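Here is a quick tour for anyone meeting this structure for the first time. Have a look at it below, and then we'll start with a pair of charged side chains.

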Amino acid sequence: MSWWLQTLISVAVALLVVWLALVAALLVVKPGKLELREAVRLLPDLLRLLRRLAGDRTLPRGVRVRLWLLLVYLAVPIDLIPDFIPVLGYADDAIIVTAVLRSTVRRAGLDAVRAHWPGTDDGFAAMCRLTGLRNPA
């Protein structure tokens, strides 16, 4: 099997496992009235949010660079802590996403993040709770 096919499969499997871990975490935490359907949609919405924020030229350049670096980090199969280590393998991804989102809110404001959120209000509230952001709603 060629290296690019292995890389593509690795990225797809990693995204699927992160998505499943996020769904499991949401089911354990049970944030508010969040239904399973919303939990399933949270990771794709979060990835679309990161892409939209990274492409927004009204945001400061440093914020956009951080967001692009985060997207590259999530796409590359090499992590700080290997994903095959139970729990900790995906914790580094969640921690880095949280740190970048918090720094984005500090520099651009929660309104900018909310304006680019592609999902529902319940999904945004769940993302705010999971990342420790203050949701004004």
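## A pair in one helix

R48 and D45 sit 3 residues apart in helix α2, so about one helical turn separates them; helices here are DSSP runs (H or I, at least four residues) numbered from the N terminus. Their side chains meet in a salt bridge, 2.7 Å from N to O. That term means a side-chain nitrogen of Lys or Arg within 4 Å of a carboxyl oxygen of Asp or Glu.

D45 is buried, with a relative accessible area of 1%, while R48 counts as partly exposed at 36%. Buried is under 20% relative accessible area, exposed is over 50%, and partly exposed lies in between (1.4 Å probe, protein chains only).

## The other pair

The whole structure has 2 salt bridges. One of them links D121 and R114, with the closest N and O atoms 2.0 Å apart. D121 is exposed at 55%, and R114 is partly exposed at 29%.

Leaving out residues up to four places away in sequence, L67 touches L50, L53, A54, V100 and T104, where contact means heavy atoms within 4.5 Å.

## About the model

This is a predicted model: local features need pLDDT of at least 70, side-chain atom pairs count only at pLDDT 80 or more, and totals for chains, interfaces and linings use all residues. Residues are numbered from 1 along each chain as its sequence is written, and side-chain values use heavy atoms, leaving out hydrogens and water.

How values were computed: Helix = DSSP H or I, 4+ residues; strand = E, 2+ residues; numbered from the N terminus.
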